[in-house]
Amino acid sequence: MNMPENMTKKPGTLYLVPAPLDFGCDSQAPLERVMPQATLEVAASLSHWVCENAKSTRAYLKRIHATHPLCVPLQAMQLQELPHAVHKKGDHQGQFDARPLLQAALQGEHIGLVSEAGMPAIADPGSSVVRAAHDLGLPVVPLVGPISLLLALAASGLNGQNFAFVGYLPSTPAERNQRIRELESLALKTGQTQLFIETPYRNTALLDALMQTLQHNTRLATASGLTLDTATCHSDMAKNWKQRGWTLANSTPAVFAIGR
């Protein structure tokens, strides 16, 4: 008996495709300097994508096409966006069923998962898609590329053997200060580095709150504009920050870390 065609095709692979860290920045880093050639070659070969934002994904694919011709014209790319609710609330706790987004892979098409910057599903949406791929029996292949959290941690001088990423801190001052104290207490007690990020144009407010709240001998590290020519990485005890006069560009993506 002949098997239906869709039962005989080898399933496609879900590729986790990193994006450069310059999204929303005033300048861009040349792709060949920040992205491995093998990653760009795979990205150029894909015509099906699950993405955070279709517009930014098209812009990224256009940059790739300049050095690695795309397998199909940009207008023919099949782009599926994650729902807006996933962007707002995240998809790391399993509430969103992403299996319908991967139907093309069941027909043998390879699919790329991409976020606006860095590695998808790391401090960005996408974990639901990875879970769905595993549940459907699809191969999952993470590609090499920049991950801001690990670059910042490596440049911080803080504990890289025991660390936690805690996402965003509260936006209201009282709740934010309380959260800073909780994270500082955990870091000082256990030695676990605490990593967190902030939304655009709140870097200054968060840095000011850290300066006002942290104990003098707590080490604070920041990494801003990673992979760009304008990148800055600072790390010192909280008491020395003001003396050094360090600041952060308010519009440039930044990673913060505290520890001992």
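**Figure 1. Salt bridge between aspartate 22 and arginine 63 in the predicted model.** The closest N and O atoms of aspartate 22 and arginine 63 are 3.1 Å apart; a salt bridge is defined as a side-chain nitrogen of Lys or Arg within 4 Å of a carboxyl oxygen of Asp or Glu. Aspartate 22 belongs to the loop between strand 1 (14-16) and helix 2 (31-34), whereas arginine 63 is part of helix 4 (residues 54-65), so the pair ties together parts that are 41 residues apart in sequence. Helices (H or I, at least four residues) and strands (E, at least two) are DSSP runs, numbered from the N terminus. Aspartate 22 is buried at 4% relative accessibility, and arginine 63 is buried at 18% (buried, under 20% relative accessible area; exposed, over 50%; partly exposed, in between; 1.4 Å probe, protein chains only). In this predicted model, local features need pLDDT of at least 70 and side-chain atom pairs count only at pLDDT 80 or more, while totals for chains, interfaces and linings use all residues. Residues are numbered from 1 along each chain as its sequence is written, and side-chain values use heavy atoms, with hydrogens and water left out.

**Figure 2. Two further salt bridges, from a total of five in the whole structure.** Arginine 179 and glutamate 182 pair at 3.4 Å, N to O. Both residues lie in helix 9 (residues 173-190), three residues apart, about one turn of the helix. Arginine 179 is partly exposed at 29% relative accessible area, as is glutamate 182 at 40%. For arginine 244 and aspartate 236, the closest N and O atoms are 2.5 Å apart; aspartate 236 is buried, with 7% relative accessible area.

**Figure 3. The largest pocket, with a volume of about 1300 Å³.** A pocket is an open set of points on a 1 Å grid over the protein atoms alone where a 1.4 Å probe fits, with protein on both sides within 12 Å along at least five of seven lines; lining residues have an atom within 4 Å of a point. Of the 42 lining residues, Ala123, Asp124, Tyr168, Ile197 and Glu198 are the closest to the centre. Helix 5 gives the most to this lining, with four residues.

**Figure 4. The second largest pocket, with about 210 Å³ of space.** Its lining comprises 15 residues, of which Phe23, Ser56, Tyr60, Arg63 and Glu116 are the closest to the centre. Helix 4 provides the largest share of the lining, five residues.

Terms used. Grid points are joined across faces, edges and corners, and a volume is the space filled by probe spheres set on the points.
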